[in-house]
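Here are a few notes from my pass through this one. Have the viewer open while you read.

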Amino acid sequence: MVKKILAVDDSKTILSMVTQTLQNAGYETLQAEDGVQGLEVLEDSAPDLVITDINMPRLDGFGFIERIRRSDRYRAIPILVLTTESDPQKRERARKAGATGWIVKPFEAAKLVDAVGRLSG
């Protein structure tokens, strides 16, 4: 069964790169441009893993992760943060919010595919 991945980022370029990378690796991908849209897509799709940026309009990555973790339905879904942020305090904040992993942009395609494979089981 093909794993479904939701990518959430306000950069169309990053969304395109993530989508292309994951589709080339055999994953089905869904996209959202911020945390609010991410929650809407999540409700309709039940992905196997979520990849999210931190810095986004309307609802940032921290709030997005926290909202996912409050839902019994999505509490166990793996969440991979993909961001330009490398600050250890922000990384810790994301972990405490419920993030499962962290990759700093720009990302290497092989590392992203490896992380998604490990986290999505």
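This is a predicted model: local features need pLDDT of at least 70, side-chain atom pairs count only at pLDDT 80 or more; totals for chains, interfaces and linings use all residues.

1. Start with strand β3, residues 49-52, which is covered on both faces. Leu49 and Ile51 sit on one side and Val50 and Thr52 on the other, and all of them are buried.

2. Now for the neighbours. β3 pairs with strand β1 (residues 4-8) in the parallel sense, over 4 bridges. Ala7 has Ile51 as its bridge partner in β3. Strand β4 (residues 79-83) also pairs with β3 in the parallel sense, here over 3 bridges. In that pairing, Val50 stands opposite Ile79 of β4. To get from β3 to β4 the chain goes through helix α3 (residues 61-70), and this β-α-β crossover is right-handed.

3. How many cavities of 30 Å³ or more does the structure hold? There is 1, and the largest cavity has a volume of about 40 Å³.

4. As for what surrounds the largest cavity, the lining includes Ala7 and Ile51, the bridge partners from point 3. Buried Thr52 is in the lining too, along with Ile14, Leu15, Val18 and Leu82, among others. β1, α1 (12-24) and β3 each supply at least two lining residues, with α1 giving the most, at 3.

5. By class, the lining has 7 nonpolar residues, 1 polar and 2 charged. Asp9 and Asp53 are both part of that lining.

Methods. Residues are numbered from 1 along each chain as its sequence is written. Side-chain values use heavy atoms; hydrogens and water are left out. Buried means under 20% relative accessible area, exposed over 50%, partly exposed in between (1.4 Å probe, protein chains only). Two strands pair if DSSP finds at least two bridges between them. A crossover is right-handed if, with the strands pointing away from the viewer, the path from the first strand over the helix to the second runs clockwise. On a 1 Å grid over the protein atoms alone, a cavity is a set of points where a 1.4 Å probe fits but cannot get out, and a pocket is an open set with protein on both sides within 12 Å along at least five of seven lines; lining residues have an atom within 4 Å of a point. Grid points are joined across faces, edges and corners, and a volume is the space filled by probe spheres set on the points. Ala, Val, Leu, Ile, Met, Phe, Trp, Tyr, Cys and Pro count as nonpolar, Asp, Glu, Lys and Arg as charged, and the others, Gly among them, as polar.
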